[in-house]
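Let's take a walk through this structure together, beginning with the overall picture and then moving inside. Keep the 3D view open as you read.

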Amino acid sequence: MVKNSKYLARTSLAVMGIGFIATLPFEHSNPFLGLLQGGFEAGIVGGLADWFAVTALFRHPLGIPIPHTSLLSKNRKRITKALVSTIENDWLSKESIVNKLKNIQLTVKLLAVAKKEMYSERFKKGILSLIEKIIKHIDLTKFIPVIIEQIKNYIHSYKVKTLLPNIVKLIEDRQYDHKALDYLLEQAEIWVAKEESKIQLGSAAIKALNKIELDGFLQFALKSFQSLVNEEKLGKIIQTLLKNIMNDLKHQDSENREKLLQSIHSGLDNLKNNQQLINEIEGLKDTILSKWNPHDQLVGMIESFRHRAIAYIYEDKFWDESLFPLLNGILDNYSNDEQKIASIETWLHTQITNLIEVNHSKIGKLVQENLDKLDDEMLINMIENNVGKDLQWIRVNGAICGFIIGLCITAIKLIL
């Protein structure tokens with residue numbers, strides 16, 4: 001467009017020049033041609049004058065360093081300073097930017113964009129990627145000492161005296177005493193049935209009998225009994241006796257079993273108030289806690305949880321059933337709450353206003369830095385390319401106006 005304007009300006013000046021030369025021989029012989037000759041003459045003067053004026057803004061006309069020409073390069077600092085000042089203080093002043101932002105409902109626009117983007121695959125991948133990075137970069141191992149301390153404090157604060165009644169009740173409610181008795185009877189029955197157990201029982205019984213001291217006839221009877229049995233026979237008797245006892249205890253309706261369980265229950269009830277036992281358990285608990293350091297186990301648990309969490313967030317059900325409904329609900333909640341929108345809007349405008357207040361001067365600095373990157377030739381070409389079209393029309397208008405004025409002046413001269 002600038003080239004077309006230049007071509008038109010040159011053409012208008014050329015027309016004036018050709019017309020002046022063509023009508024010059026007829027200046028005095030033909031009044032009409034003389035009138036045209038005067039118009040062409042004035043058009044040349046007007047066109048040349050405006051050419052000189054337009055050219056002088058950017059460079060020396062014909063390369064001649066005429067005073068007060070090449071005004072842009074000579075006054076570059078003043079012009080750029082004025083330009084920066086105009087942009088910073090008039091066109092993009094703090095007040096104009098802030099006032100413009102006040103008319104924009106930022107929160108509504110942001111919520112609408114977020115609502116729309118939620119359904120895009122790009123948004124889903126971005127959110128999941130962000131969550132993954134958060135999971136990977138959170139160093140939960142820093143909290144392990146605190147976790148250990150809290151666990152120890154909690155266990156230490158939980159008194160055994162408070163715990164024992166609950167344990168006893170749990171044993172009774174779930175019949176752990178019955179299960180424990182059945183287990184012991186089962187294991188005892190297996191041991192008693194062994195051949196070597198029979199010998200061990202007989203040997204132990206013989207040793208026990210040898211240590212018994214009785215008076216008179218009782219001692220004689222005991223010795224007579226010892227002469228009749230050996231370890232194997234006595235072990236067999238005891239083995240049979242124990243089997244019978246255990247078989248009886250295994251039956252749920254056994255009177256002996258019931259008495260034994262009652263004895264166990266009584267012993268468990270006595271544990272609740274056994275201060276010596278409570279003190280021993282408390283001391284054991286404190287000793288174990290002082291030596292317990294589950295750091296490595298907790299690190300392993302955390303890393304395992306981290307890998308499982310990352311795998312879980314990429315499952316479809318996490319997005320479809322958990323995260324998407326949550327985000328959608330939050331957006332709906334904010335979108336339908338005018339008070340929250342107004343609060344967010346106020347906060348956003350406050351933050352942006354503060355940001356503009358702090359960084360507004362950087363607008364002028366940025367413009368100045370970009371202008372300083374351009375040398376004189378580049379700056380002149382940039383301005384000429386942007387406003388040159390209008391300036392070239394000044395030359396065209398100058399030639400045409402000069403032509404018209406010349407016609408008028410020549411006509412007046414002919415009339416007078």
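**A first look around**

The chain has 20 helices and zero strands. Bear in mind that you're looking at a predicted model. Of its 416 residues, 28% count as buried. The accessible surface comes to about 28500 Å², and 62% of that belongs to carbon and sulfur atoms. As for how the chain meets itself, take the contacts between residues at least 6 apart in sequence: 76% of them join residues at least 24 apart.

Now let's head inside. In soluble globular proteins, nonpolar side chains tend to be buried together. Here, the largest nonpolar core has 13 residues, and L128, I135, F318, W319 and L323 are the ones with the most contacts inside it. The top contributor is α17, with five residues.

One last stop is H178, which sits in helix α10 (residues 176-192). Is H178 buried or exposed? Its relative accessibility is 19%, and since the cut-off for buried is under 20%, H178 counts as buried. Looking past its neighbours within four places in sequence, you'll find H178 in contact with Q252, R257 and L261.

Methods: Residues are numbered from 1 along each chain as its sequence is written. This is a predicted model: local features need pLDDT of at least 70, side-chain atom pairs count only at pLDDT 80 or more; totals for chains, interfaces and linings use all residues. Side-chain values use heavy atoms; hydrogens and water are left out. A nonpolar core is a set of buried Ala, Val, Leu, Ile, Met, Phe, Trp, Tyr and Cys residues joined through side-chain atoms within 4.5 Å. Buried means under 20% relative accessible area, exposed over 50%, partly exposed in between (1.4 Å probe, protein chains only). Helices (H or I, at least four residues) and strands (E, at least two) are DSSP runs, numbered from the N terminus. Contact means heavy atoms within 4.5 Å. Accessible areas come from the Shrake-Rupley method with a 1.4 Å probe; for residues, only the protein chains shown count as cover.
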